[in-house]
Amino acid sequence: MNFNRINNISGWAVFAIATVTYLLTMEPTVSLWDCGEFISTCFKIQVPHPPGAPLFILMGRAFILVFGNNPETAAVAVNSMSAVMSGFTILFLFWSITFFAGRTLSSRAQRGIGGESTLLIISAGATGALAYAFSDSFWFSAVEGEVYASSSFFTALVFWAMLKWERRAGQPGSNKWIVFIFYMIGLSIGVHLLNLLAIPALVMVYYFRKYKPTVKGTIAAFIVGCVITGFVQKFLIQYSVKAASWFDVSFVNSIGLPFFSGFATFFVLLAIVLVFALRYSARTKRYNLNLAIWCTVFLFFGYSTYVTTMIRSNANPGVDMFNVDNPISLEGYLGREQYADWPIVYGPDFTDALQYKNQGNVYVRGEKKYEVAGKIKKPDWASAPSAHFFPRMWDNDNDRQQQACYRRFGGLEEGEAPTMANNMQYFLNYQAGWMYMRYFMWNFAGRQNDFQGLGNARDSNWISGVQFIDNAIHGNQSQMPDTASSDNKAHNRLFMLPLIVGIAGLIIQYKRKKRDFLVNFLLFFFTGLAVVVYLNQSGFQPRERDYAYVGSFYAFAIWIGLGVIAVDQLFKRFIRNRYVTYAAIALTFLAVPLRMLQEEWDDHDRSQKTLALDMARNYLESCPKNAMLFTFEDNDTYPLWYAQEVEGIRPDVRVIVNTLSGSDWFMNQLRYKVNESAPFDVIFTKQQVQGDNRQVMYFVDMPGYDKNEFYDLKSTFKNILASDDPKFTTEGSDGELYNIVPVKKFKIPVNREHVIKTGAALPGDEIVDELKLDLSAKNYLLRGDLVMLAIVATTDWNRPVCFTSASSLRELGLDKYVRQEGMTYRLVPVLNKEDNPNVNTELAFNNMMQKFQYGSTNKKGIYYDEENRRRLNYMRLAHAQVAVSLANSGQEEKAIQLLRHFDKQYNSSDYPYGMTCNRGNQHNAISLQYLLACYLAGDKALAKKVDDSVRKDLRQQLRYYNSLGDHESAEDNLASNALAFLRNQNYDLGDKQIEFANDILSSYQLLHQLDEWKNEYKLN
């Protein structure tokens, strides 16, 4: 059997191993984060968030059809697509490694590939490919319905195709491979833009094969690769649509032609130009130019999948992000205008006040033409007083503690202005170190736990698994709480074996094939550190971002494969035995992919987990019929979309995403029916909120309006906020006119008989005459605030208004008027009492006992990562609150029934009551609320179970915090010093202990609360 046949069969065998692994461990339904959005949009071919993924949507739809076009199998279909695409990624990685391995062997071995050499090459491919298959970050994406698995497939495909061209270069028709590559790149744009970062490596392969390499030529080829990448991303992707949208505005507004006439004309003209250019280059025998034009043509062919986005958006589907129903909105969609911009090369520090500059008019689609709806305002990064090269500490917002992150990782004291040295320190420590190298080491050295890390010694660091190394870096790991180490399934010890073998492969490739090394290094760099530089991340991020760098880990896996050859050569240097190659192969395979499989399986097996769907069901089933439900996060929104759009759960509920509700397109979507949810009047006309209109409304005192008087909210909205009277506008410092609000206090009248009839209140309620909202602490209203207040004002208690969070309502004063009915809070005309939160105990009890589901949590061995545990905590807290209310109303038996019902739903070894977390003991604090409910209900057996678990974890935490100091101290002394530090008084804490001052204090306080309750309720 020849080498090519062995190579092909072996590649497909590795593909089968990886694919079966992913299919066995994939989630059987929707996952958290964006997966609910993507599966929903695949099921009905809808429009996801910018910049979109039209090809992913079409591929997902095809898989759904293969699986029977059944709502019950839609999630399995899309998740299976990720599994299969990930399997193909491993296939192409295998073949790429064997290509490099054959060239890395000595010339004599290459000439006689067969026997031992063939075995070594195939083993290198299998070891590297399976190491990547079982790596933390790639496996995570392979088992859920997200775009990153498909994006990795395209990266692997184009890289392998370029190596395929390299073998055939000079043969007739070989350049078809290059055209194919750019067609694949064009298609990949419809999945994710990360694939573009492979272009510099591809250009280097072309240069080394076509030209005689020199130092200057290599540098020039590198620059050309960077230029081509930038040209494709900026000009072919964005500026082509920008030009087409300009054509459309001109044709519609100036000539009076229909919408899309200019858009179509632009691309027809572009096609004509490309055809003439092809003929010219062929006639004049400019082959390189001809090849470049063909590549451009096929890139556009692939990129054309975005036409489907506009087609579907015009149908007004249930999920229609950005409402991409015209070329202007497509331009904004591709340009990610919904999200904030950031500087890369030149810009300010966070201490500067940001200036904006106008860059033309904002156009929106009107009835018959495009209308101006404000100015395009972009940050003027260069105008800041401290603007400098390579700005890393640029974000002057502080919604995610960005400034604390800058100071921590950049070495800044409070009140100190950043310097270039601080910027570089932040880049190295946070962006390159914490947000890249830590992820890299997770995959190839080991991982401490799954707590989202904020830079401290306990949470989510990389570890080696070698005790003395980890203790020197992070403190005594044997003192860590069990839930943060041995009992945490993400505690993976790889002993740095994949890293060591990969470095060995890197070295041997560098020594033997420098050109190949440079090609792979460019792929490694551009999909790793170059992404770090481009993203310029400010901290702290809402979630871990390791999925963004899997392309870099892919390149390193090639070196892991080549490391098999390096180990073989090392063994042969010291051992003279004919079986030495077999030993080297067996040792590296056991030490790397098999060790990774053993460690990573338990925290990547999602095969029994249904939490995201069941949580969404619980939110929706907690709502009355035809409710308007406000959500506040990705994870209380996207799973709900899936539940409604795919599985048809409670389609009567209108989900209003608070973070999106202020956009003009989302407000307009409220005006039409979605599923079984009726349209809603948001008071403002479409024109009044289009573009930048009423993006923000400032509170400004005006004569004739009493500061102390409460004004009717509905009439104030209709007569003032929705008025076009110029007297309710003011000119800003930028010369633009802004709408103003002359009053800060509002009231909503209540008709007692009506609210009881509609179910907004119960007969025994202390119903208020009016809701009073005092916004004196605010200086302005954002458009999202206007939407919430407009809905509250105009429902007239006919349509229930619910929220997934009560704490998010404090700014608008609505938190005082909500009642818990399960997992949601309903707006009611009853004032909450501080010592007795408002709970509809009967309805909430029935919802939880009869309608709630719990994510298969009663099955043993299911892994719930930190975000899953947080969602389970919200459910635990909701049950505790209802149980407390039941006990306080004399219904102790029902309270016990509810508490035991929840306790039976999960396995305490997978989800204990006592558990360390990265948010100031939030997990244990919620468990204490559950414990209090047990005490009040009189269930001492369950109370002891909760108390023992929480007490154990808190004791272990304090033991760990004590171990971080220079000396041991009593718990009360440790807590006193933590309190002194937090109050800026004299304290005696070690540097690592300072990081945990809040946790030390909260652990001590929670322990004392346990002791007090134990004595008070006489728990033995």
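## A glycine in a loop

At 31% relative accessibility, Gly-759 counts as partly exposed, because that class runs between the 20% and 50% limits. This is a predicted model, so every number here is computed from predicted atoms. Gly-759 sits in the loop that runs between helix 28 (752-758) and strand 14 (770-774).

How far apart are Gly-759 and Ile-178 in sequence and in space? Along the chain they are separated by 581 residues, and their C-alpha atoms are 66 Å apart.

## The nonpolar cores

Now for the inside. The largest nonpolar core takes in 306 residues, and Tyr-22, Phe-56 and Phe-803 are the ones with the most contacts inside it. Which helix gives the most to this core? That would be helix 4 (residues 74-104), which puts in 17 residues. Apart from that core there is a second, separate one of 5 residues, with Val-249, Val-252, Ile-328 and Tyr-370 among them. As a general point, nonpolar side chains tend to be buried together in soluble globular proteins.

Tyr-22 is worth a click in your viewer. If you skip residues up to four places away in sequence, Tyr-22 touches Ala-83, Ser-86, Gly-87, Ile-90, Ala-133, Phe-138, Trp-139, Ala-142 and Val-143.

Val-345, Tyr-346, Phe-389, Met-420, Met-424 and Leu-428 together make a nonpolar surface patch of about 580 Å². Helix 17 (residues 420-444) gives the most to this patch, with 3 residues. Leu-428, one of the patch residues, has its place in helix 17.

## A buried threonine

Is Thr-155 buried or exposed? Thr-155 has a relative accessible area of 8%, so it counts as buried. You'll find Thr-155 in helix 8 (residues 148-168).

What does the side chain of Thr-155 pair up with? A polar contact of 3.2 Å links it to the side chain of Asn-195. Leaving out neighbours within four places in sequence, Thr-155 is in contact with Asn-195 and Leu-523.

As background, most residues other than glycine have a negative phi, and most peptide bonds are trans. Here are some spots that go the other way.

The peptide bond joining Pro-50 and Pro-51 is cis, with omega about 0°. Pro-51 lies in the loop between helix 2 (35-44) and helix 3 (54-66).

Arg-336 is not a glycine, yet its phi is positive, at about 55°. Arg-336 belongs to the loop between helix 15 (327-334) and strand 1 (346-347), and counts as partly exposed because its relative accessibility is 35%. Asn-984 also has a positive phi, near 60°, in a residue other than glycine. Asn-984 is in the loop between helix 35 (971-982) and helix 36 (991-994). With a relative accessible area of 74%, Asn-984 is exposed, because the limit for that label is over 50%.

## Salt bridges

How many salt bridges does a search of the whole structure find? The search turns up 40 salt bridges. Take Arg-595 and Glu-599: they form a salt bridge whose closest N and O atoms are 3.3 Å apart. Both residues lie in helix 23 (residues 580-600), and they are 4 residues apart, about one turn of the helix. Arg-595 counts as buried at 16% relative accessibility, and Glu-599 is buried as well, with a relative accessible area of 13%. Both get that label because buried means under 20%.

Arg-650 and Asp-652 form another salt bridge, with the closest N and O atoms 2.9 Å apart, and both residues are buried. Asp-785 and Lys-778 meet through their side chains in a salt bridge of 3.8 Å, N to O. Elsewhere, salt bridges that share partners join Glu-633, Glu-866, Glu-867, Arg-870 and Arg-871 into one network.

How values were computed: Residues are numbered from 1 along each chain as its sequence is written. This is a predicted model: local features need pLDDT of at least 70, side-chain atom pairs count only at pLDDT 80 or more; totals for chains, interfaces and linings use all residues. Side-chain values use heavy atoms; hydrogens and water are left out. A nonpolar core is a set of buried Ala, Val, Leu, Ile, Met, Phe, Trp, Tyr and Cys residues joined through side-chain atoms within 4.5 Å. Buried means under 20% relative accessible area, exposed over 50%, partly exposed in between (1.4 Å probe, protein chains only). Helices (H or I, at least four residues) and strands (E, at least two) are DSSP runs, numbered from the N terminus. Contact means heavy atoms within 4.5 Å. Patches are made of residues with over 30% relative accessible area and no salt bridge: like charges are joined within 9 Å, nonpolar side chains (Val, Leu, Ile, Met, Phe, Trp, Tyr) within 5 Å. Accessible areas come from the Shrake-Rupley method with a 1.4 Å probe; for residues, only the protein chains shown count as cover. A salt bridge is a side-chain nitrogen of Lys or Arg within 4 Å of a carboxyl oxygen of Asp or Glu. A polar contact is a pair of N or O atoms within 3.5 Å; within protein, one must be able to donate a hydrogen and the other to accept it, and residues adjacent in sequence count only if both atoms are side-chain atoms.
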